[in-house]
Amino acid sequence: MDREDTKARIDTLIEPFNKKGVAITDDTTFAGDLEWDSLTVMDFVAAIEDEFDIIISMNQQAEIETYGQLIDAVTKLRGE
Amino acid sequence: MSESISTPDKPEPLPEVEDAKDLFSKFDPLIKQRQDLLDSGLEDPFGLVMERVLSPVTAVCNGRETILLGTYNYMGMTFDPEVIEAGKSALENYGSGTTGSRVLNGTYVGHKDVEDALCEFYGMDHAMVFSTGYQANLGIISTIAGKGDYIVLDIDSHASIWDGCAMGNAEVVPFKHNDLEAMEKRLKRIPEGAGKLVVLEGVYSMLGDIAPLKEMIAIAKSHGAMVLVDEAHSMGFIGPNGRGVAEDQGVLDDVDFVIGTFSKSVGTVGGFCVSNHPKFEIMRLVCRPYVFTASLPPSVVATAATSIRKLMDAGDKREHLWENSKRLHKGLRDLGFELGTEEPQSAIIAVIMPDLERGAGMWEALLKEGLYVNLARPPATPAGMTLLRCSLCAEHSEEQVGQILTMFEAAGKAVGII
């Protein structure tokens, strides 16, 4: 699946969750830069799962620290 | 000399935090938060010592006689004369401990008897007793859901459920608390052929709210999932026979595994799983938290068995506990406190505090009035809330519930919450 298309859709999805207005790049970290708590993570993951009709298990989430890694993981999951 | 006499309301100061970096450095923010709280002069909410226990509902704490409103002794079984007698007799006849695993030298007649009592209580075929409720969740969940299987669970699940997930190799998929649609969406997306376990709780212990088990279990079953329900906080109290929320909603037959504990209504310590699964007994050989630990002492299983059988016939106590819960819930709401549920759904009534500082202040003010409640704070609580959790007991008298409300009013006004 197309990484650019995945990125564009996640860029839109993350806007309401980016309450601090952080400039997001592939290197932005969820815990460090965005300072998300576990409930915010859950809601954001649910939004992505619904958008792409995929599951991102907590085991997979544990491997995802940066925005770029998230886009890569979702792109891969869409292709499966 | 007078300075060296410790005053009961002041805890010992914590040692200075060293600057040197080591494995403990990651705890520095928490150490600081705790120190700041104690420096403000508050009593340590997590260091209370019960000096004497007078009954299931009263104790002496820091020299004061205190009403206990923060125990899980829902049915007040801890001082039941028959329960005490069973424990004493087992202690004398079987000794202080088994010093062995259930699968080696640690299964006595008492362990089989308490498992029989559980089968009678739940009307199920199999019961397996663990040394704690925590280990029951840890053991069952980590063992039955393996690599390639999926565990779908409520985000507000108890730590023992999360730790059971973390200990196993299954894919872990949480959904929003009590949200049927979120649960179903996740079940639908699980790959064809993968094993599925849905983990739910009857009563969620932080806010005291119950799960819509009837609807959730129907969805789980329609997607071919097995269902595990933790009924720790409902046993003995909720449901016509005290079997829990699943019984109350008429769906106990659809639950594959009920997890429970002896440390709440039963009044001692220990955990269990009951099931009708025809192959359930194999769990005794493959479940590591069952195998690789010592079994419960004979006195503990004897008190548990006696208590469980008495709980089968405790309709009057159940009724009185409901009355207590309803009266306290209404009284607190009328005083202007914000509560975790609109209506009382269990014996837990959570009072929502504006923040940790005022929550700790309120907790201390109540303790000085002579009332003990649980102070619950993140990460144990949902949505970062600070809660004063009140859990009622069937042995609280109507008069005591009245006293409790008077204490809440005085403390709430003193701290400026109402």
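Helices (H or I, at least four residues) and strands (E, at least two) are taken here as DSSP runs, numbered from the N terminus. By that assignment, H329(B) belongs to helix 12 (residues 315–335) of chain B. The model is a predicted one, in which local features need pLDDT of at least 70 and side-chain atom pairs count only at pLDDT 80 or more, while totals for chains, interfaces and linings use all residues. Residues are numbered from 1 along each chain as its sequence is written, chains are lettered from A and ligands numbered from 1 in the order in which they are written, and side-chain values use heavy atoms, with hydrogens and water left out.

H329(B) is buried, with a relative accessible area of 2%; buried means under 20% relative accessible area, exposed over 50%, and partly exposed in between (1.4 Å probe, protein chains only). Setting aside neighbours within four places in sequence, H329(B) is in contact (heavy atoms within 4.5 Å) with L339(B), T341(B), E342(B), E343(B), P344(B) and I349(B). For one of these, E342(B), the C-alpha to C-alpha distance to H329(B) is 8.9 Å, at 13 residues apart in sequence.

V109(B), by comparison, is part of helix 3 (residues 109–122) of chain B and counts as exposed at 54% relative accessibility. V109(B) and V301(B) are separated by 192 residues in sequence and by 9.6 Å in space, C-alpha to C-alpha.

**Helix packing in chain B**

Axes are lines fitted to C-alpha atoms, for helices over the stretch in contact, and angles run from 0 to 180 degrees between N-to-C directions. Helix 13 (residues 356–369) and helix 14 (residues 398–415) of chain B pack at about 135°, their axes being 9 Å apart. Helix 13 of chain B is therefore oblique to helix 14 of chain B; angles under 35 degrees count as roughly parallel, over 145 as roughly antiparallel, 65 to 115 as roughly perpendicular and the rest as oblique. Among the residues making the contact are M362(B) and L366(B) of helix 13 of chain B and F408(B) and V415(B) of helix 14 of chain B. By class, this contact of helix 13 with helix 14 of chain B has 8 nonpolar, 2 polar and 2 charged residues, where Ala, Val, Leu, Ile, Met, Phe, Trp, Tyr, Cys and Pro count as nonpolar, Asp, Glu, Lys and Arg as charged, and the others, Gly among them, as polar.

Helix 2 (residues 81–94) and helix 11 (residues 298–311) of chain B pack at an angle of about 150°, with axes 7 Å apart, and are therefore roughly antiparallel to each other. In this pair, residues including A86(B), A90(B) and Y94(B) of helix 2 of chain B meet residues including A302(B), T306(B) and K310(B) of helix 11 of chain B. The contact of helix 2 with helix 11 of chain B has 7 nonpolar, 5 polar and 2 charged residues.

**Cysteines**

The structure holds 0 disulfides over all chains, a disulfide being a pair of cysteine sulfur atoms within 2.5 Å.

| Cysteine | Nearest cysteine sulfur | Distance |
|---|---|---|
| C61(B) | C390(B) | 15 Å |
| C273(B) | C287(B) | 8.8 Å |

C61(B) counts as buried at 0% relative accessibility, and C273(B) also counts as buried at 0%.

**Positive phi in chain A**

E35(A), a residue other than glycine, has a positive phi near 55°. E35(A) is placed in the loop between helix 1 (3–14) and helix 2 (38–52) of chain A and is exposed at 56% relative accessibility. D53(A), also a residue other than glycine, has a positive phi near 55°. The loop between helix 2 and helix 3 (58–61) of chain A contains D53(A), which is exposed with a relative accessible area of 55%.
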